Amino acid sequence: MGTSAPAGAAAPTVLVIGAAGKTGRAVTAALARRGVAVRAAVRSPARAETAYAAGAASISVCDLESGAGLDEALTDATAVYHLAPNVHPDEVAIARRVVAAAARAGVQRFAFHSVLHPHDGSMPHHVRKGLAEEVVRSAFPRATVLRPAAYHQNLVAAARSGRIAVPHSLDTPFTNVDLDDVAEVAAEVLTEAGHEARTYELAGPEVLTVREQAVTAARVLGHPVTAEQLTLEAWAAGPGSSLPEQARADLLAMFTAYDREGLVGDPTTLTTLLGRRPTTWGQALVAESATT
Ligand SMILES: NC(=O)c1ccc[n+]([C@@H]2O[C@H](COP(=O)([O-])OP(=O)(O)OC[C@H]3O[C@@H](n4cnc5c(N)ncnc54)[C@H](OP(=O)(O)O)[C@@H]3O)[C@@H](O)[C@H]2O)c1
């Protein structure tokens, strides 16, 4: 474990946990665009280049499962953005480790990346987020909590391949949100006053089924895009087969909930925070096509 910075980098002030992952890279980039020096917490030195490419000013290697490296990573940090590894069975204990280290370091500002509807008992990994929120608030009563819907970006690669295949109904409603919009809000709450002790539901501006997302994608991308429902069994034996058992069970529970009612939130808060309409699915497809 250790902290390193390229020569000439500014002193780090904001520690982003999980900085080399999908969400962490977007948050790091949004902070860097605001001129903030980001210290990127990564699991292994092999992920340093990924975090630097996103805009990190320095790197700190931390193991969230043991807590090793966290105290060093938090030295001199004034703010922390905590996001847990996706569907991690130990998410609540990870929150305890990060919060305890942040409290020891005297961090002034703490923001936590939760999820839309964290108290939905049909999805165990959402419930763990709700418990992690309590851990965060008990140590940092002025923490800001973001509760994003599912990201547009989860389905971009599938849409571009011409086939969106999901193991749930094609006709239940979603208010997916743009990851860069979420990251913009994360950067805002970490750098501006007025967000202390707030919990923000972050949902996209449209209510769309997967079938409707495929129609929009075909129009925007200019090629056929099909929507296909997989059985849970086919998903578990295919895309889900490489996952740890607990993660597979969590996601199967999530798909069952999606099959029943989708995942819908209110876009009002995100619209107010951004000062504009949040990014639509079609706009996200255009933006992703322009950058890759
Ligand atoms: N995807 C969505 O639509 C969505 C919506 C709302 C909320 N969320 C939440 O957003 C969070 C982040 O999701 P994501 O898709 O960005 O996850 P991700 O891409 O898997 O990123 C997680 C990061 O955590 C790192 N990590 C994993 N285990 C670690 C450990 N033991 N010690 C240190 N670092 C470790 C990973 O390191 P490596 O890079 O080395 O693998 C990775 O960089 C999750 O909690 C998820 O529930 C996601």
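## Basis of the model

This is a predicted model, in which local features need pLDDT of at least 70 and side-chain atom pairs count only at pLDDT 80 or more, while totals for chains, interfaces and linings use all residues. Residues are numbered from 1 along each chain as its sequence is written, and side-chain values use heavy atoms, with hydrogens and water left out.

Helices (H or I, at least four residues) and strands (E, at least two) are DSSP runs numbered from the N terminus.

Contact here means heavy atoms within 4.5 Å. Not counting residues up to four places away in sequence, L146 touches Y81, F112, H113, S114, V115, V182, V185, A186, V189, Y200 and L202.

## The ligand site

The shell around the ligand holds 24 residues, of which T23, R43, R47, A84 and K129 come nearest; a residue is counted as near if one of its heavy atoms lies within 4 Å of the molecule. By class, the shell divides into eleven nonpolar, seven polar and six charged residues, where Ala, Val, Leu, Ile, Met, Phe, Trp, Tyr, Cys and Pro count as nonpolar, Asp, Glu, Lys and Arg as charged, and the others, Gly among them, as polar.

Of the 920 Å² of accessible area that the ligand has on its own, the protein covers 85%; accessible areas come from the Shrake-Rupley method with a 1.4 Å probe, and for residues only the protein chains shown count as cover.

R128, in helix α5 (residues 124-139), counts as buried because its relative accessibility is 11%; buried means under 20% relative accessible area, exposed over 50%, and partly exposed in between (1.4 Å probe, protein chains only). The side chains of R128 and D250 are joined by a polar contact of 2.5 Å, a term for a pair of N or O atoms within 3.5 Å, of which, within protein, one must be able to donate a hydrogen and the other to accept it, with residues adjacent in sequence counted only if both atoms are side-chain atoms. Beyond its neighbours within four places in sequence, R128 is in contact with V87, H88, P89, E91, V92, Q246 and D250.

S114 is found in the loop between β6 (109-113) and α5, and its relative accessibility of 2% is why S114 counts as buried. The side chain of S114 makes a polar contact of 2.7 Å with the side chain of E133. Apart from residues up to four places away in sequence, S114 touches K129, E133, V145, L146, R147 and P148.

## Positive phi values

Most residues other than glycine have a negative phi. D76, in the loop between α3 and β5 (79-82), has a positive phi of about 70° although it is not a glycine, and D76 counts as exposed at 63% relative accessibility. V87, in the loop between β5 and α4 (91-105), has a positive phi near 40°, and V87 counts as buried at 10% relative accessibility.

W235 lies in helix α9 (residues 232-237) and is buried, with a relative accessible area of 7%. Leaving aside its neighbours within four places in sequence, W235 is in contact with P167, G240, S241, L243, R248, L251, L252 and F255.

V220 belongs to helix α8 (residues 210-221) and is partly exposed, with a relative accessible area of 27%. Not counting residues up to four places away in sequence, V220 touches G282, L285 and V286. V220 and E133, 87 residues apart in sequence, are 38 Å apart in space, C-alpha to C-alpha.
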